[in-house]
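Hi,

Here is the structure I promised to pass on to you.

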Amino acid sequence: MINPYSIINATLDSVYHIRRNEMRKLVAYVYGCMGSPVKVGEQVFLTVMNVITNMMWGGAVDEAGRETLGAEFRGLVAEMMNLLGKPNVSDFYPGLARFDLQGVETHMHALMSRLDHTFEGIIGERRKEEGAEKRKDFLQFLLEFKDQNNDPKTPLTITHIKALLMDMVTGGTDTSSNTIEFAMAEIMKNPEVMKRVQEELEAVVGKDGIVEDSHIHKLSYLQAVMKETLRLHPVLPLLVPHCPSETTIVGGYTIPKGSRVFVNVWAIHRDPSIWENPLEFDPARFLGSKWDFSGNDFSYFPFGSGRRICAGIAMAERTVLYFLATLLHSFDWTIPQGENLDVSEKFGIILKKKTPLVIIPTPRLSNPDLYN
Ligand code: HEM
């Protein structure tokens, strides 16, 4: 039987050059900011966005175009996440929904049509491109699958393709970059954690080379840092709303068919009956522990659970660990004078840092060529 995880891993291996290429650009950018404050979240978001869009539709846009597209998407994704998390009276009083009293629906329609327009453009460009069939990206795969799929029961339409692209871009960017920003903030706030991470990096990577994908599985303490970050700051604190297709009884409560169910994973991850010192950032609690990202244990499931579990866990793991390892191996970081390091959260459908992390890099590696 085909093992889906080995296919996912092989696919992720085959696009490592994209992650590496974008990461080297980020390292060069940060090196150029030596001694000056860097907005970590913003830079990481842009890089993750470039990795994902490159994997989805490759180099369909040139270097300058990608920057603009990145900035445009960041705005759109942020606006959409804000709207998704905004309490809407129409949800509580469906009779009022047609008046759209807060304008949430109108705003969402406008946003969707901007996103739709962007994806139309990308797909249109690809359709016109000569030799497009040689491309190996997700968009090309979907378009060819659509053209060859004659099954009327399961048609794949351009609308489906746009929805899939949107799911990947919105589901993969803010989530990964916010996790990296929270992890960097917690590491900065806990010098003993920073020391342990850098010692591990020195033992596994050394100071004469750069972090590669092949090092990641050897960084067990950094893996524990990622788990602990997602315990304290699960970036989707209520997961994604679920909706039972049949009326169900859970723990004695009747959940009617069609209800909208939010699972408060944020509160579960801080429950003192499960976690010792739940508010403390202590990655060591995950070393050799039973907790993983599989969603099989309802005391720890930052990627959700069951059929609708996150579709991008393997990619998220590789991205978050590779970014953290590279940023902490290549640079020492300090807090600007007079600034306070704050890890408080801004609650929404996506959990964000209340104030952006702004820190100052200095190079750690002796050979300047390693920053090119
Ligand atoms: C640290 C990073 C990430 C976190 C914490 C995260 C977390 C989650 C969570 C909690 C869900 C909802 C699961 C549920 O309700 O049971 C979800 C769904 C999803 N995620 Fe992620 N995610 C991350 C990164 C990614 C990446 C990199 C991608 C793809 C590029 C991705 C694609 C998706 C998709 C497509 C869904 C919807 C799955 C479905 O409804 O069937 N995610 N994610």
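UniProt, in an unreviewed entry, lists C310 under "binding site"; positions from UniProt are given in the numbering used here, feature names are shortened, and annotations may be inferred rather than shown by experiment. Before going further, please keep in mind that this is a predicted model, where local features need pLDDT of at least 70 and side-chain atom pairs count only at pLDDT 80 or more, while totals for chains, interfaces and linings use all residues. Residues are numbered from 1 along each chain as its sequence is written, and side-chain values use heavy atoms, with hydrogens and water left out.

Back to C310. What does the protein give to the iron atom of the ligand? A single donor, the SG atom of C310, 2.3 Å away. Donors here are N, O and S atoms within 2.8 Å of the metal (3.2 Å for Na, K and Ca), and water is not among the atoms, so sites may look incomplete. You'll find C310 in the loop between α11 (265-268) and α12 (313-330). The helices (H or I, at least four residues) and strands (E, at least two) are DSSP runs, numbered from the N terminus. C310 counts as partly exposed because its relative accessibility is 33%. The cut-offs are under 20% relative accessible area for buried, over 50% for exposed, and partly exposed in between (1.4 Å probe, protein chains only).

Now for the rest of the ligand's surroundings. There are 23 residues around the ligand, and G171, H242, F303, R308 and C310 come nearest; a residue is near a molecule if one of its heavy atoms lies within 4 Å of it. By class, this shell has 13 nonpolar, nine polar and one charged residues. Nonpolar covers Ala, Val, Leu, Ile, Met, Phe, Trp, Tyr, Cys and Pro, charged covers Asp, Glu, Lys and Arg, and the others, Gly among them, are polar.

Some atoms to click on: a polar side-chain atom of H242 lies 2.6 Å from an oxygen atom of the ligand. For V240, a backbone N or O atom lies 3.4 Å from an oxygen atom of the ligand, and for S305 a backbone N or O atom lies 3.4 Å from a ligand oxygen. The elements giving two or more residues to the shell are α8 (158-189) and α12. The largest share, six residues, comes from α8.

That brings us to the helices. α8 has 32 residues and reaches 47 Å from its first C-alpha to its last, close to the 46 Å expected at 1.5 Å a residue. The expected span is 1.5 Å times one less than the number of residues. α8 is mostly covered, with 23 of its 32 residues buried.

How far apart are the end C-alpha atoms of α3 (residues 40-57)? They are 26 Å apart, which agrees with the 26 Å that its 18 residues should span at 1.5 Å a residue. Of those 18 residues, 16 are buried. Just after α3, G58 takes a positive phi of about 55°.

In α12 you can find T319, buried at 3% relative accessibility. A polar atom of the T319 side chain lies 2.6 Å from the backbone oxygen of M315.

α10 (residues 220-232) is mostly covered too: 11 of its 13 residues are buried. The loop between α10 and β2 (248-250) holds H233, which is buried at 3% relative accessibility.

Most residues other than glycine have a negative phi. L239, however, has a positive phi near 55°; this residue lies in the loop between α10 and β2 and is buried, with a relative accessible area of 8%. D100 has a positive phi of about 45° although it is not a glycine. Look for D100 in the loop between α5 (89-92) and α6 (104-128), where it counts as buried at 12% relative accessibility.

How values were computed: Polar contact = N/O pair within 3.5 Å; in protein donor to acceptor, adjacent residues only side chain to side chain.
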